[in-house]
Amino acid sequence: MRWIMSPGLMSLVLGYTLSQFYRAFLAVLSPTLGAELGAGPADLALSSGLWYIAFAAVQIPVGWALDRFGPRETVAALLGLGGCGGALVFALAQAPWHIHLAMALLGIGCAPVMMGSFYIFARTLPPASMSAAGGAVVGIGSLGNMLGAAPLVWVINGIGWRASLAGLAVVTLLVSLAILALVRNPDKPGGQGRPARLRDLLAVRELRLILPLLGVTYAASACIRGLWAGPFLSEVYGAGDYLIGWVTLGMGLAMVAANLSVGWIVRVMGSDKRTSVANTLLLCLVLAGLWLGSGESLLLSGALLVMVCISDSSYSLIMSHGRAFLPHHLVGRGITFMNMVSISGVGIMQFLSRPVYLSAQASHPAAEAYGHIFLFFLVPLAVGLAFYLFSAENRHA
């Protein structure tokens, strides 16, 4: 893994750390934003969903830009403008719709960061190394989830949430400048080749049974960690900022551990597919436990929330699985297309979780209402797994 220590890739990992932070920090801020701006869980579900929808909406242009300009220019420009700008809008917010706008800008700014790394891996590493490489980047970058938990609470209590977001805007700008200075674009493939088209991607038959699970696998950990964990612990168990921070910190640690170990686990299991199936089955059991046991025990619920994030490694596994079937001329657009499917699923699920919560809240106690949320994430995951079981194997030597 010496490649991960190169200055350019380390700067991209720092950018991905910010991306993980920005998609997850609303869970910790939910009590504060509710008190100061009147932004309730339904408002923040919309804000969080807008992050993912904006992120997904620019994936196709990002794929074009990666092929046309390279990861250095693409990532630095969008992270510097969208990421820094979104953090500043957030710091100045006076109403819930300002949070919506800020999160959309942050989603656009963070959109190319992971794909910049994956693009370099796809051009320079053999397909069998993709899951380990992607897992390492996601694992290290998931430290952003941890920073968006208890450490964020400490900073906010020290200097306030507005000053914290203003400081993050400066950090984001500095990371984008580091990417511009340090990243080296990989060599482009020789020859003209055929232009990559969306219909060519959809014609790759092996992807058809992989995409349904890819579209839902990341939604549970991203949406629950990024938003619903905080209100769930607060409304069902009366948890305060510190307890929510510690539980979400544990969820972040689980993400890091799962992604850093994914390369070793794939070697033991023999393929990305087998590992993904085992991972998804575990997540289904955990979500079923949260659904059936909502409100029964704070300790059990906290432990199950942490286990939700062990499944976070499914993203890099399924991306690696799909990458193995992409022709060389489709790699750049292909990985951004797959990422668009994954992130679109998160945004759509986050949007749909809002009316599920509002409907359940109107007629059920808080514990049962959140039980409906966990069931909402469980059902499409089981359907996606049913398709995925029939996908082609991607065996590792």
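Reader: Is Ser 117 buried or exposed?
Author: The cut-offs come first: buried means under 20% relative accessible area, exposed means over 50%, and partly exposed is in between (1.4 Å probe, protein chains only). Ser 117 has a relative accessible area of 1%, so this residue counts as buried.

Reader: What kind of model is this?
Author: Residues are numbered from 1 along each chain as its sequence is written, and side-chain values use heavy atoms, leaving out hydrogens and water. Local features need pLDDT of at least 70, side-chain atom pairs count only at pLDDT 80 or more, and totals for chains, interfaces and linings use all residues, the model being predicted.

Reader: Back to Ser 117, then. Which residues is Ser 117 in contact with, leaving aside neighbours within four places in sequence?
Author: Ser 117 sits in helix 7, residues 113–124; helices here are DSSP runs (H or I, at least four residues), numbered from the N terminus. Contact means heavy atoms within 4.5 Å. With its close sequence neighbours (within four places) set aside, Ser 117 is in contact with Leu 9, Leu 12 and Val 137.

Reader: How many residues of helix 1 are buried?
Author: Helix 1 has 18 residues, and its first and last C-alpha atoms are 26 Å apart, close to the 26 Å expected at 1.5 Å a residue. That expected span is 1.5 Å times one less than the number of residues. The rest of the structure largely encloses helix 1, because its buried residues number 15.

Reader: What do the buried residues of helix 3 pack against?
Author: Helix 3 is mostly covered, with twelve of its 17 residues buried. Among them are Leu 44, Trp 51, Tyr 52 and Phe 55. Their partners are helix 1 (7–24), helix 2 (26–37), helix 4 (59–68), helix 6 (96–110), helix 13 and helix 19 (331–363).

Reader: Is Leu 168 buried or exposed?
Author: Leu 168 is in helix 11 and touches Phe 21, Tyr 22 and Ala 87, not counting residues up to four places away in sequence. Relative accessibility is 15%, so Leu 168 counts as buried.

Reader: What is the relative accessible area of Leu 173?
Author: Leu 173 also belongs to helix 11, residues 161–182. Together with Val 170, Leu 174, Leu 177 and Leu 180, Leu 173 forms a nonpolar surface patch with about 440 Å² of accessible area. Leu 173 counts as partly exposed because its relative accessible area is 38%.

Reader: How many salt bridges does a search of the whole structure find?
Author: A salt bridge is a side-chain nitrogen of Lys or Arg within 4 Å of a carboxyl oxygen of Asp or Glu. Glu 73 forms one with Arg 72, the closest N and O atoms being 2.9 Å apart, and Arg 274 meets Glu 393 in another at 3.5 Å, N to O. For the whole structure, the search gives two.

Reader: How far apart in sequence are the parts that Arg 274 and Glu 393 tie together?
Author: Arg 274 is partly exposed at 36%, and Glu 393 is partly exposed too, at 29%. Arg 274 lies in helix 16 (residues 272–293) and Glu 393 in the segment after helix 20 (366–388), so the pair links parts whose separation in sequence is 119 residues.

Technical notes:
Patch = residues over 30% accessible without salt bridge, like charges linked within 9 Å, V, L, I, M, F, W, Y side chains within 5 Å. Areas by Shrake-Rupley, 256 points an atom, 1.4 Å probe, with all protein chains shown as cover. Helix = DSSP H or I, 4+ residues; strand = E, 2+ residues; numbered from the N terminus.
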